[in-house]
Amino acid sequence: MSKPVVLIAEELSPATVDALGPDFDIRTVDGTDRPSLLAELAHAHAILVRSATKVDAEAIQAAPNLKVIARAGVGLDNVDIKAATTAGVMVVNAPTSNIISAAELTVGHILSLARNIPAAHGALAQGQWKRSKYTGVELYEKTIGIIGLGRIGALIAARLQAFGTNVIAYDPYITSARAQQLGVQPVTLDELLEQADFVTIHMPKTPETTGMIGHAELARMKPTAFVVNVARGGLIDEEALFEALRDRTIAGAGLDVFVNEPPTDSPLLGLPNIIVTPHLGASTDEAQEKAGVSVARSVRLALSGELVPDAVNVAGGVIDPYVRPGIPLLEKLGQVFSGLAQHSPLTSVDVEVRGELVEYDVSVLKLAALKGIFTNVVSETVSYVNAPLLAEQRGIAVRLITDPDSPEYRNVITLRGALADGTQVSVSGTLTGTKQIEKIVEINGYDVEVPFAKNLIVMLYTDRPGIVAVYGREFGDANINIAGMQIARHVAGGRALSVLTVDSPVPVGLLASVRDAISADVMVEIDLTE
């Protein structure tokens, strides 16, 4: 019997090939040579890439035997995950391969800003001895503000505490107990910006976090403070940052990532009080080797039919066909759940599966739920194995509950969670009809039946005449089209819950305006990431 073909489309470390072992027919191709790539994919069972090879729908269609796409790194912008999932092809990456490298680069930027290292080197290299011009500051007893306390944020906190700094952090999804465990003081975003001498941001890039450090936030910072972004381009509004650096609203900045890369036309590059690097977060020998070895191991697992720790789109292993449609449903329910729970840290979550599904192994549905919950919450890529670890790190208790009794639907799955402020959040979903349409059927105890859409708005307010006209006019005036709407209530004149599907994202300012106009207790927009 011939060996499975593993296609390596970019240069990877020798350790990667060693990790694959002798059980495969390993072939190489230049992934940027499109005709050669498509020709070789006709025989491939797995392909290993870095960032240059585009594995899009055309490439996947050209590979009838393909079982797994492995990205030796973190980002997956060059892989069409949706097309891969549709074709039943697993996508894996190496989500933890660069966390130490990224954390150390962040510390490097902070030290470089504190001591003017790049500018001092440049001057001395030109024969200029300007000791007084490049007087810096010590990190000792300074306040470091970390926005996003995931794995990279936690590594940075540990490293900077060794300098005798005071570390504070903003992360709406971290409990005070977890922050205390890390030796970090939790604060609001405004408090962090006002107190920190150095601000470093480590958040995922979502519609909510894009531009989260803008004009208003930079204005809150000390004129002696510095800001660093080694996470995602666009988390800091680059126009606002340019003005703040030009006008000396803040002392300086360090950037490794940009909205457009390379940032050849960016005015930021001409400023004297900024340090820039060309997206070097994962550019260490160790990170590259870890990434290659990690995905090689994942390929071995995938091609042997075992559970794959770093699968991005499917869990791997044997999953019953009756259970499999529930995986994308749970990921979406998890995203809706985290959107509803964003006002307070989550302390526990139950994944309740009811109906005929309980006759099968549904443990993967708990993993899918956690993956959805953390998808837009943490900066790192979430997989089916690291999702439980993310919950454990945050002190979140997780249970899977099964019950064959489901009186209203053949199967229904509920995510129910307790928050640190004492409130509870729940959302339920099901698959209906021969086409297995994914629907939300309950939110916080209110019965609804709403098909999923990319942009959802959930509102809770006091039921009274004319309320629909009020928020309908607000959205209409802002050119936001309401594609669907459902209202649920328990009694007339009591609390009412509205779920809207809209055709485009809603600006944060508009949400606040609508909240005020209808005196809503809850007003959240949920952007579902595919």
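Student: Where in the chain is His279 found, and between which two elements does its loop lie?

Tutor: His279 is found in the loop between strand S12 and helix H12 (285-303), where helices (H or I, at least four residues) and strands (E, at least two) are DSSP runs, numbered from the N terminus. Before going further, please keep in mind that this is a predicted model, in which local features need pLDDT of at least 70 and side-chain atom pairs count only at pLDDT 80 or more, whereas totals for chains, interfaces and linings use all residues. Residues are numbered from 1 along each chain as its sequence is written, and side-chain values use heavy atoms, with hydrogens and water left out.

The backbone at His279 deserves attention, for its phi is near 55°, a positive value in a residue other than glycine. His279 is also partly exposed, with a relative accessible area of 41%; on this scale buried means under 20% relative accessible area, exposed means over 50%, and partly exposed is in between, with a 1.4 Å probe and protein chains only.

Strand S15 (residues 411-419) and strand S16 pair in the antiparallel sense over 6 bridges, where two strands are said to pair if DSSP finds at least two bridges between them. Across this pairing Gly417 stands opposite Val425 in S16, and in the hairpin, which has 4 residues between the strands, Gly422 takes a positive phi near 95°. S16 in turn pairs with strand S17 (residues 437-443), in the antiparallel sense and over 6 bridges, with Ile437 in S17 as the bridge partner of Thr432. The hairpin of S16 and S17 has 4 residues between the strands, and in it Gly433 takes a positive phi near 75°. S16 (residues 424-432) is mostly covered, for 7 of its 9 residues are buried. In a regular strand the side chains alternate between the two faces of the sheet.

Other residues show what lies around a buried position. Thr209 is found in the loop between strand S9 (198-201) and helix H10 (215-220), and at 8% relative accessibility Thr209 counts as buried. Leaving aside its neighbours within four places in sequence, Thr209 is in contact with Met203, Pro204 and Leu235, contact meaning heavy atoms within 4.5 Å. The C-alpha atoms of Thr209 and Gly234, which are 25 residues apart along the chain, are separated by 8.6 Å.

Asn455, in strand S19 (residues 455-462), is buried with a relative accessible area of 3%. Its contacts, once neighbours within four places in sequence are set aside, include Leu500, Pro505 and Asp527. Arg151 lies in helix H7 (residues 151-161) and counts as buried at 11% relative accessibility, while its C-alpha atom and that of Gln393, 242 residues away along the chain, are separated by 9.0 Å.

Stepping back to the whole, the secondary structure of the protein comes to 17 helices and 22 strands. The radius of gyration is 25 Å, close to the 24 Å that the globule rule gives for 530 residues, so the protein is as compact as a globular protein of that length; this radius is taken over C-alpha atoms, and the rule is 2.2 Å times the number of residues to the power 0.38. Along its principal axes the C-alpha trace spans about 80 × 70 × 45 Å, and buried residues make up 51% of the 530 residues. Among contacts between residues at least 6 apart in sequence, 63% join residues at least 24 apart.
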